[in-house]
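Subject: Structure handover

Hi,

Here is the structure we talked about. Please open it alongside this note; my findings follow below.

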Amino acid sequence: MNARNLTLATIAFALTFWAWNLIGPLSSSYTKQLDLSPGQQSLLVATLMLVGSLGRIPVGVLTDKFGGRFMCRGSWTR
C-alpha cells in the first residue's frame, strides 16, 4: 500500500512539475497566439515564482501551527 502511494505521489508530482515548467519555454508561443503585451508575458512567466513563493507563506504558518508531520501527511485536507 505504501509503495503504491509513493509511486502515485511521485508520478503526480513529476507531471505537475513538468506542466508548470513548460509555461516558461512556451511563453513566446503563448504571446503570439494570445497577442500578449510584454508586461503580460512577464507576468505569465513570473506566475511560477509568485505561486511558489507566496504559497509558502500560508503553508509555513500552518506548519508552525499544526506541525510538520501533520502537514506532510495531508491531514489538513480531511
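A patch, as used here, is made of residues with over 30% relative accessible area and no salt bridge, with nonpolar side chains joined within 5 Å. Keep in mind that this is a predicted model.

First, the surface. Leu43, Leu50, Leu54, Ile57 and Val61 make a nonpolar patch of about 480 Å². Take Leu50 as one of its members. Leu50 sits in helix 3, which covers residues 38–66. Its relative accessible area is 40%. Leu50 is therefore partly exposed, as that class runs between the 20% and 50% limits.

Next, the aromatics. How many aromatic pairs does a search of the whole structure find? The search gives two.

One is Phe13 with Phe17, a stacked pair. The centres are 5.7 Å apart, and the planes make an angle of 25 degrees. Both residues belong to helix 1, residues 2–21. They are four residues apart there, about one turn of the helix. Phe13 has a relative accessible area of 56%, so Phe13 is exposed.

Phe66 and Phe70 also pair. Their ring centres lie 5.2 Å apart. Why is this pair tilted? Because the planes stand at 40 degrees, and stacked needs under 30 degrees while edge-to-face needs over 60. Phe66 is partly exposed, at 42% relative accessible area. Phe70 is also partly exposed, with 26% relative accessibility.

Best wishes

Conventions
Residues are numbered from 1 along each chain as its sequence is written. This is a predicted model: local features need pLDDT of at least 70, side-chain atom pairs count only at pLDDT 80 or more; totals for chains, interfaces and linings use all residues. Side-chain values use heavy atoms; hydrogens and water are left out. Patches are made of residues with over 30% relative accessible area and no salt bridge: like charges are joined within 9 Å, nonpolar side chains (Val, Leu, Ile, Met, Phe, Trp, Tyr) within 5 Å. Accessible areas come from the Shrake-Rupley method with a 1.4 Å probe; for residues, only the protein chains shown count as cover. A salt bridge is a side-chain nitrogen of Lys or Arg within 4 Å of a carboxyl oxygen of Asp or Glu. Helices (H or I, at least four residues) and strands (E, at least two) are DSSP runs, numbered from the N terminus. Buried means under 20% relative accessible area, exposed over 50%, partly exposed in between (1.4 Å probe, protein chains only). Rings of Phe, Tyr and Trp (its six-membered ring) pair if their centres lie within 6.5 Å; planes under 30 degrees apart count as stacked, over 60 as edge-to-face and the rest as tilted.
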